Amino acid sequence: MEDDKRSCSNCEKQEKLGFPHADLKLISSIPESSIYRCECCGAFWIHDGEDGWENLDFDTLWGLAC
C-alpha cells in the first residue's frame, strides 16, 4: 500500500520557517512544545524550542495524547 501522506505547498517548506505558516492553527500547548494542525492539508506539526519544527504522523500524535 502506498503512503498517502498529504502535504500542501506551505507544509512542504514548514521545517525551514521560524514561525507557523498561515494555515497552521494551534491545537495544543504542552510544556515547552506546541502542536499545530494545517487547515489546508490536515498535517500535524509540533514546535519545540530546541528541535524546531517536526511533522507528526497520527500514531505519534496519539502517543503524545495518551
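How many bridges join strand β3 and β4, and in which sense do they pair? Strand β3 (residues 44-48) and β4 pair in the antiparallel sense, over five bridges.

The model is predicted: local features need pLDDT of at least 70, side-chain atom pairs count only at pLDDT 80 or more, and totals for chains, interfaces and linings use all residues. Residues are numbered from 1 along each chain as its sequence is written, and side-chain values use heavy atoms, leaving out hydrogens and water.

**View 1. The open sheet of four strands.** The order is β1-β2-β3-β4, with antiparallel pairing. Edge strands β1 (24-30) and β4 (52-56) each pair on one side only. From one strand to the next, the twist averages 25 degrees. In β4, G52 stands opposite D48. Strands are DSSP runs (E, at least two residues), numbered from the N terminus. Two strands pair if DSSP finds at least two bridges between them.

**View 2. S34 in strand β2 (residues 33-38).** Why is S34 counted as buried? Because its relative accessibility is 18%, and buried means under 20% relative accessible area (1.4 Å probe, protein chains only). The side chains of S34 and S29 are joined by a polar contact of 3.4 Å (a donor and an acceptor among N or O atoms, within 3.5 Å).

**View 3. The largest nonpolar core.** Nine residues form this core, among them L24, Y36, W45 and W53. A core joins buried Ala, Val, Leu, Ile, Met, Phe, Trp, Tyr and Cys residues through side-chain atoms within 4.5 Å. A second, separate core of five residues includes I35, F44, I46 and L61.

Key: Axes fitted to C-alpha atoms, helices over the stretch in contact; angles between N-to-C directions. Buried < 20%, exposed > 50% of the residue type's maximum accessible area, 1.4 Å probe, protein only.
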